[in-house]
Amino acid sequence: QVQLVESGGGLVQAGGSLRLSCAASGIIFRLLDIYWYRQAPGKQREFVASITTRAGTTYADSAKGRFTISRDNAKNTVYLQMNSLKPEDTAVYYCNAPPQPYNPLESWGQGTQVTVSS
């Protein structure tokens, strides 16, 4: 089972930027689809963005035009570049590898806190 570790969260003012990283180990990273989710206090976890093994990307409506997901297979890392951040982007951001051929058990990272002040 792949292990995922997020980093890059922090406190930023509205309009600012952050880049989150999701580092993977334990499996052939380039063969995994990777997802980003987030969970704000008192709310359900929600999908943010995903990237396939062929670098195809999908975004939630809330992320389109502001967030960019990318991957560097040489570094076993997926990135989430977040620009024009809003207070409503405040959440814990989680990296996820859903069940798939090279990772039958779903994997989650521990999460990284993003706080956007107004």
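## Predicted model: loops, strands and aromatic contacts

Asparagine 76 has a relative accessible area of 27% and is therefore partly exposed; buried stands for under 20%, exposed for over 50% and partly exposed for values in between, computed with a 1.4 Å probe on protein chains only. The model is predicted: local features require pLDDT of at least 70 and side-chain atom pairs count only at pLDDT 80 or more, while totals for chains, interfaces and linings use all residues. Residues are numbered from 1 along each chain as its sequence is written, and side-chain values rest on heavy atoms, with hydrogens and water left out.

**Loop residues with positive phi**

Asparagine 76 belongs to the loop between E7 and E8; strands (E, at least two residues) and helices (H or I, at least four) are DSSP runs numbered from the N terminus. Its phi is near 55°, a positive value in a residue other than glycine. Alanine 55 also has a positive phi, near 70°, and is likewise a residue other than glycine. Alanine 55 is placed in the loop between E5 and strand E6 (57-59).

The accessibilities of selected residues are as follows.

| Residue | Relative accessibility | Class |
|---|---|---|
| Tyrosine 35 | 25% | partly exposed |
| Tryptophan 108 | 34% | partly exposed |
| Alanine 55 | 46% | partly exposed |
| Glutamine 13 | 59% | exposed |

**Sheet and strand pairing**

Strands of a sheet pair through backbone hydrogen bonds, in either the parallel or the antiparallel sense. In this model, four strands make an open sheet in the order E1-E3-E8-E7, with antiparallel pairing; two strands pair if DSSP finds at least two bridges between them. From one strand to the next, the twist averages 15°; axes are lines fitted to C-alpha atoms (for helices, over the stretch in contact), and angles between N-to-C directions run from 0 to 180 degrees. The antiparallel pair E1 and E3 is joined by five bridges, and glutamate 6 has cysteine 22 in E3 as its bridge partner.

E11 takes part in two further pairings. Strand E2 (residues 10-13) runs parallel to E11 and is joined to it by four bridges; glycine 10 has valine 114 in E11 as its bridge partner. E9 pairs with E11 in the antiparallel sense over three bridges, and alanine 91 stands opposite valine 114. The covered face of E11 consists of Thr112, Val114 and Val116, whereas Gln113, Thr115 and Ser117 make up the uncovered one.

Glutamine 13 lies in strand E2. Apart from neighbours within four places in sequence, glutamine 13 is in contact with Val116 and Ser117, where contact means heavy atoms within 4.5 Å. Its C-alpha atom is 24 Å from that of glutamine 44, which is 31 residues away in sequence.

**Nonpolar core**

The largest nonpolar core has 29 residues, of which Ile34, Trp36, Leu80, Met82 and Tyr93 touch the most other members. Strand E3 (18-25), E4, strand E5 (46-51), strand E7 (67-72), strand E8 (77-82), strand E9 (91-97) and strand E11 (112-117) each contribute at least two residues to this core. A core of this kind is a set of buried Ala, Val, Leu, Ile, Met, Phe, Trp, Tyr and Cys residues joined through side-chain atoms within 4.5 Å.

Tyrosine 37 lies in strand E4 (residues 34-39). Residues up to four places away in sequence aside, tyrosine 37 touches Arg45, Glu46, Phe47, Val48, Val92, Tyr93, Tyr94, Asn96 and Trp108. Its C-alpha atom is separated by 13 Å from that of threonine 68, 31 residues apart along the chain.

Rings of Phe, Tyr and Trp (its six-membered ring) pair if their centres lie within 6.5 Å; planes under 30 degrees apart count as stacked, over 60 as edge-to-face and the rest as tilted. The count by this rule is five aromatic pairs. Tyrosine 35 and tyrosine 37 have ring centres 6.2 Å apart and planes at 15°, so this pair is stacked. The pair of tyrosine 37 and tryptophan 108 is tilted, at 5.2 Å centre to centre and 55° between the planes. This pair links distant parts of the chain, since tyrosine 37 in strand E4 and tryptophan 108 in strand E10 (residues 107-108) are 71 residues apart. One aromatic cluster is formed by Tyr35, Tyr37, Phe47, Tyr94 and Trp108.

Charged groups also sit over rings, a term that requires NZ of Lys or CZ of Arg within 6 Å of the ring centre and within 35 degrees of the ring normal. The charged end of arginine 45 lies over the ring of tryptophan 108, 4.5 Å from its centre. For arginine 19, the charged end sits over the ring of tyrosine 79, 4.2 Å from its centre.
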